[in-house]
Amino acid sequence: MIKKNVLIFGSTGQIGRHLIRKLTKNNYKVICQTRNSHKAIFLKTSGSIGYIEIKEANIFDISKLEELIDSSDICVNLIGILYQDKINTFKRIHSDFPEILAKICEKKNKNLIHISALGLENIKDSDYAKSKILGENRIRQILKTATIIKPSVVFSVDDSFTTKFMGMLSLFPAFPLYYKGSTLFTPIHATDIADLIYFVIKNNLLAKDIEAIGTKEISFKEILKILAKSINKQRLFIPLPYPLARLSASILQLFPKPLLTIDQLKLLKYNNIKTKGGMTNFDIGCPSKIDFEEGVKKYSYNWTEGGQYSKGSEK
Ligand SMILES: NC(=O)c1ccc[n+]([C@@H]2O[C@H](COP(=O)([O-])OP(=O)(O)OC[C@H]3O[C@@H](n4cnc5c(N)ncnc54)[C@H](OP(=O)(O)O)[C@@H]3O)[C@@H](O)[C@H]2O)c1
């Protein structure tokens, strides 16, 4: 029996795909918003018949949003971008859209779970960070009951973080270290973040700010070392002075899907770990279970020569 209808904005993304599986497995029906229903058709295989509905919608079409929100019990916002263009600016996607959602949810008496990002509060030199914080503040002003989840970097076989790095590490003998590789992260597995969102829905946790972190803190350099080891490669890690790093980012950001932008380079300077006094998924009784190194080992064979059954990759 269907327990609740959950409307997911940004359902086709990394977290969305894991969340849909978790919810449908537990008898929640998901209404999946996307900009392109043809491209999102693969979502149909993520759960039983009758538990997944795909809805194409422009996220700035208010009457469409109202119609979608009317048809659901709770709304989850997973829409986010890593780089901006003239139309899809950080402000539009991370601040204006959440504000619209909050207003409609308030009007319709529905609740909102909004996914922001960890550790951005004091970052003043990144447009990404400022837009995410502005989005959080606008939601807080409008919809007191909203719960905001702030994840550290999320990893899984279908991420654009470990998989991108393993792809590069498998090809190049040396890898640049920004800020000497000392920035700290708390990577969380996509399954653990899906479990957390499910936990919030199931227990009807309202008006919370939850920092979503993995099982341990690791530096950027340690992350790269783990990834290189997991694909059986010995690589040289070379600290890149900031002017050179900035120059490379200024070139890379000209590509359509940039590997690195200047804004991302700025963000990489700041630790991405639990904040002082912040409440985490561990504090609310939903701890992460998947260790970074162990989790990566489960899929890193995709980047080894010969794949899963080659020497050194057997599980
Ligand atoms: N993954 C991480 O490491 C990480 C870490 C911290 C915070 N977060 C945050 O968590 C949320 C979900 O992350 P994710 O990794 O699942 O993201 P993702 O894989 O990049 O997916 C983003 C989703 O946003 C939608 N989207 C992108 N641009 C859009 C636009 N202009 N208009 C409407 N929809 C648009 C896409 O939907 P369609 O293309 O189907 O329309 C897609 O489903 C984001 O807010 C992200 O900032 C993620």
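Axes are lines fitted to C-alpha atoms, for helices over the stretch in contact, with angles from 0 to 180 degrees between N-to-C directions. Helices (H or I, at least four residues) and strands (E, at least two) are DSSP runs numbered from the N terminus.

I kept in mind that this is a predicted model, in which local features need pLDDT of at least 70 and side-chain atom pairs count only at pLDDT 80 or more, while totals for chains, interfaces and linings use all residues. Residues are numbered from 1 along each chain as its sequence is written.

I then listed the contact (C-beta atoms, placed from the backbone, within 7 Å): Ile62, Leu65, Glu66, Ile69 and Asp70 of H2 meet Ile100, Ile104, Cys105 and Lys108 of H3. The residues of this contact of H2 with H3 divide into six nonpolar, no polar and three charged, where Ala, Val, Leu, Ile, Met, Phe, Trp, Tyr, Cys and Pro count as nonpolar, Asp, Glu, Lys and Arg as charged, and the others, Gly among them, as polar.

Next I followed H3 to its contact with helix H4 (residues 127–142), where the axes come within 8 Å and cross at roughly 10 degrees, and H3 and H4 are therefore roughly parallel to each other. On the H3 side I noted residues including Phe90, His94, Pro98 and Ala102, and on the H4 side residues including Tyr128, Leu134, Arg138 and Ile142. By class, the contact of H3 with H4 has seven nonpolar, four polar and seven charged residues.

I turned to H1 (residues 14–25), which packs with helix H6 (residues 190–202) at an angle of about 55 degrees, their axes 8 Å apart; that makes H1 oblique to H6. The contact includes Gln14, Ile15 and His18 of H1 and Ala190, Ile193 and Tyr198 of H6, and its residues divide into eight nonpolar, three polar and two charged.

What surrounds the ligand? I counted 23 residues, the closest being Gly10, Gly13, Ile15, Arg35 and Gly80, with a residue taken as near if its C-beta atom, placed from the backbone, lies within 6 Å. H1 gives the largest share of this shell, three residues, and by class the shell has 13 nonpolar, nine polar and one charged residues.

Last, I traced an open sheet of seven strands in the order S3-S2-S1-S4-S5-S6-S11, with parallel pairing (two strands pair if DSSP finds at least two bridges between them). Strand S3 (52–56) and strand S11 (209–212) stand at the edges, each with a single partner strand, so one side of each is left without a neighbour in the sheet. Strand S2 (residues 29–34) pairs with S3 in the parallel sense over five bridges, and cysteine 32 stands opposite isoleucine 54 in S3.

Methods: Two residues are in contact if their C-beta atoms, placed from the backbone, lie within 7 Å. Angles under 35 degrees count as roughly parallel, over 145 as roughly antiparallel, 65 to 115 as roughly perpendicular and the rest as oblique.
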